[in-house]
Amino acid sequence: MPVTVLLVDDEPLVRAGLRAVLEAQPDIEVVGEAADGAAVIPLVRQLRPDVVAMDVRMPLLDGIEATRAVLRTVAEPPKILVVTTFENDEYVYEALRAGADGFLLKRARPAEIVHARLVAEGESLLFPASVRQLAARYGEGEGNLAARAAMERARLTDREAEVLRLMARGLSNAEIAERLVVGTETVKSHVSGVLAKLGARDRTQAVIAAYESGFVAPG
């Protein structure tokens, strides 16, 4: 089955460019478009996309609030990728903290855009270096106290901790399996354990928690 994508951006040319790149892939299908975040929830309920690729800044409802709304009101929400011009934008970090699964740059190469397929499958982290930079720039503050307490309560095993550190470096499940010389299914089991203990809906949220708690240094 192809990965289905809903495009949400107030610039028609951006939507057209993303559609052209995505639909050139045999296993990705664009099932709909919208010009503002206010239209996302009804379209998600109607089209049931696997992924929503959504501009972080829109006139009526931006990508941050639209992400929160989808995760709050849709029973089985899709993966959400925010689309942005600048990767070091505080809006991007807030979208990730709100529950977005990753982000795409509007100037990204086609191969990077297509890599969104792995995000839909929960197998990898997009632009890990940029996520580190965002955490270093915007992840400080009182919120870290709660993040540190949550990490302490999680009581990760040594192997789970090792897997989380490799996740934060952007390694996919297959790459982690190769690094640790274990099977991919074993890695998936460890990743699931990390997510459950941290109360994270996906690996992006787990990595954000790792940075904000100081468990992984963002530098």
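In this predicted model, the buried residues of helix 1 pack against strand 1 (3–8), strand 2 (28–34), strand 4 (79–84) and helix 5 (110–114). The residues concerned are V14, R15, L18, V21 and L22, each of them buried. Seen down the axis of helix 1, these buried residues fall within an arc of 135°, so they line one face of the helix. An α-helix has 3.6 residues a turn, so residues three or four places apart point the same way. The face of helix 1 turned away from the buried side carries the exposed residues P12, L13 and A20. Helix 1 itself, with twelve residues (12–23), reaches 16 Å from its first C-alpha to its last, which is close to the 16 Å expected at 1.5 Å a residue.

Two helix pairs can be set out together, since two packed helices are described by the angle between their axes and the distance between the axes.

| Helix pair | Angle | Axis distance |
|---|---|---|
| Helix 2 (40–47) and helix 3 (63–73) | about 45° | 10 Å |
| Helix 4 (90–98) and helix 12 (203–212) | about 110° | 9 Å |

Helix 2 and helix 3 are therefore oblique to each other, and their crossing is right-handed. Their contact is made by V40, I41 and R45 on the side of helix 2, and by A69, V70 and T73 on the side of helix 3.

Helix 4 and helix 12, at an angle of about 110°, are therefore roughly perpendicular to each other, and the crossing of this pair is left-handed. Here helix 4 contributes Y93, L96 and R97 to the contact, while helix 12 contributes T204, Q205, I208 and E212.

Notes: Residues numbered from 1 in each chain as written. Predicted model: local features only at pLDDT ≥ 70, side-chain atom pairs only at ≥ 80, totals over all residues. Heavy atoms only, no water. Helix = DSSP H or I, 4+ residues; strand = E, 2+ residues; numbered from the N terminus. Expected span 1.5 Å × (residues − 1). Buried < 20%, exposed > 50% of the residue type's maximum accessible area, 1.4 Å probe, protein only. Arc of directions from axis to C-beta. Contact = heavy atoms within 4.5 Å. Axes fitted to C-alpha atoms, helices over the stretch in contact; angles between N-to-C directions. Parallel < 35°, antiparallel > 145°, perpendicular 65-115°, else oblique. Left-handed = near helix turned anticlockwise from the far one by under 90°.
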